Amino acid sequence: MLNIALPKGRLGDQVHEIFSKIGYECAAIYENDRRLVLESPENNVRYLLVKPSDVAIYVEYGAADVGVVGKDILLDANPDVYELLDLGIGKCRLAVAGPEDYVEDRDRVLRVATKFQTVTKKYYSSLNREIEIVKLNGSIELAPILGLTDVIVDIVESGKTLKENHLKVLQTIVPVSARLIANRSSYLFKNDLITQMVKKLEEVLHQ
Ligand code: PRP
């Protein structure tokens, strides 16, 4: 049986839709109840519904054989897993954003609110810019509005959240999409199953 860590929410629904096309459908997912482990014995698959930012942890520790996770999280957490495929969904970008009338003062240490600390540090160190990070876990856009920080580093998808809060993208750091990842031992011991899965996914994605 293949154990798949699925990010809870809209991305997970999209992933399940794709996986159904290659034979990993699990009818229990449509029931939309509170169960976190959903099995389809006839399709030899078990889905674990986890918080999107936790998918890589389940896969790294082998609690799941494979999983789907945003490239943003992979770049920031750098888990010890195989990245097998870009699924081309969940597309967005990691960007620096700030107030619409923002003007940078390069003589001051830049205060940055983010949950992506590693990516942020790397990005600004590549620019030789001294920063102070304020780690937040959500509603990052509030920080520059309240003067807590100068800018934010966060996910921008439609740009609606920024616009409605009078913020704008100042720099794009990296494009993001959902990736299929695999546990290193599972990739060895369930190699047939996983490579078959990747092959079928590639076929479906190129249709
Ligand atoms: C994410 C991100 C932005 C928003 C971007 O937040 O942190 O706030 O989506 O999407 P948009 O460009 O389409 O408006 P999420 O909804 O995941 O909640 P969070 O504030 O808890 O991070």
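Tutor: Start with a rule: a salt bridge is a side-chain nitrogen of Lys or Arg within 4 Å of a carboxyl oxygen of Asp or Glu. The model here is a predicted one.

Student: How many salt bridges does the count come to by this rule?

Tutor: The count comes to 14 salt bridges. One of them joins Glu157 and Arg10, whose closest N and O atoms are 3.3 Å apart. This pair links distant parts of the chain, 147 residues apart: Glu157 lies in the loop between strand E9 (151-156) and helix H6 (160-164), and Arg10 lies in helix H1.

Student: Are Glu157 and Arg10 buried or exposed?

Tutor: Here the idea is relative accessible area: under 20% is buried, over 50% is exposed, and in between is partly exposed. Glu157 is exposed, and so is Arg10.

Student: Which residue meets Glu83 in a salt bridge of 2.9 Å, N to O?

Tutor: That residue is Lys71. The two belong to distant parts of the chain, 12 residues apart, with Glu83 in strand E5 (residues 82-86) and Lys71 in helix H3 (residues 71-77). Glu83 has 36% relative accessibility, so the residue counts as partly exposed. Lys71 has 18%, so this residue counts as buried.

Student: Where is Arg179, the residue that Glu83 is linked to across 96 residues?

Tutor: Glu83 and Arg179 also meet through their side chains in a salt bridge, at 2.8 Å from N to O. Arg179 sits in strand E11 (residues 178-182), while Glu83 is in strand E5. With a relative accessibility of 13%, Arg179 counts as buried. Salt bridges can share partners, and here they join Lys71, Glu83, Asp86 and Arg179 into one network.

Student: How should I read the packing of two helices?

Tutor: Look at the angle between their axes; 65 to 115 degrees counts as roughly perpendicular. Helix H1 (residues 10-21) and helix H8 (residues 191-205) pack at about 105 degrees, and their axes are 9 Å apart. H1 is therefore roughly perpendicular to H8. On the H1 side the contact is made by Ile18, Phe19 and Lys21, and on the H8 side by Met197, Leu201, Val204 and Leu205.

Student: Which residues form a nonpolar patch on the surface?

Tutor: They are Leu142, Ile145, Leu146 and Leu148, with about 380 Å² of accessible area together. Leu142 belongs to helix H5 (residues 142-145). Its relative accessible area is 45%, so Leu142 is partly exposed.

Student: What about the chain as a whole?

Tutor: Begin with the elements: the chain has 8 helices and 11 strands. Its C-alpha atoms fill a box of roughly 60 × 35 × 30 Å along the principal axes. Of the 207 residues, 43% are buried. The chain exposes about 11500 Å², and carbon and sulfur atoms supply 48% of that area.

Methods:
Residues numbered from 1 in each chain as written. Predicted model: local features only at pLDDT ≥ 70, side-chain atom pairs only at ≥ 80, totals over all residues. Heavy atoms only, no water. Patch = residues over 30% accessible without salt bridge, like charges linked within 9 Å, V, L, I, M, F, W, Y side chains within 5 Å. Areas by Shrake-Rupley, 256 points an atom, 1.4 Å probe, with all protein chains shown as cover. Helix = DSSP H or I, 4+ residues; strand = E, 2+ residues; numbered from the N terminus. Buried < 20%, exposed > 50% of the residue type's maximum accessible area, 1.4 Å probe, protein only. Axes fitted to C-alpha atoms, helices over the stretch in contact; angles between N-to-C directions. Parallel < 35°, antiparallel > 145°, perpendicular 65-115°, else oblique. Contact = heavy atoms within 4.5 Å.
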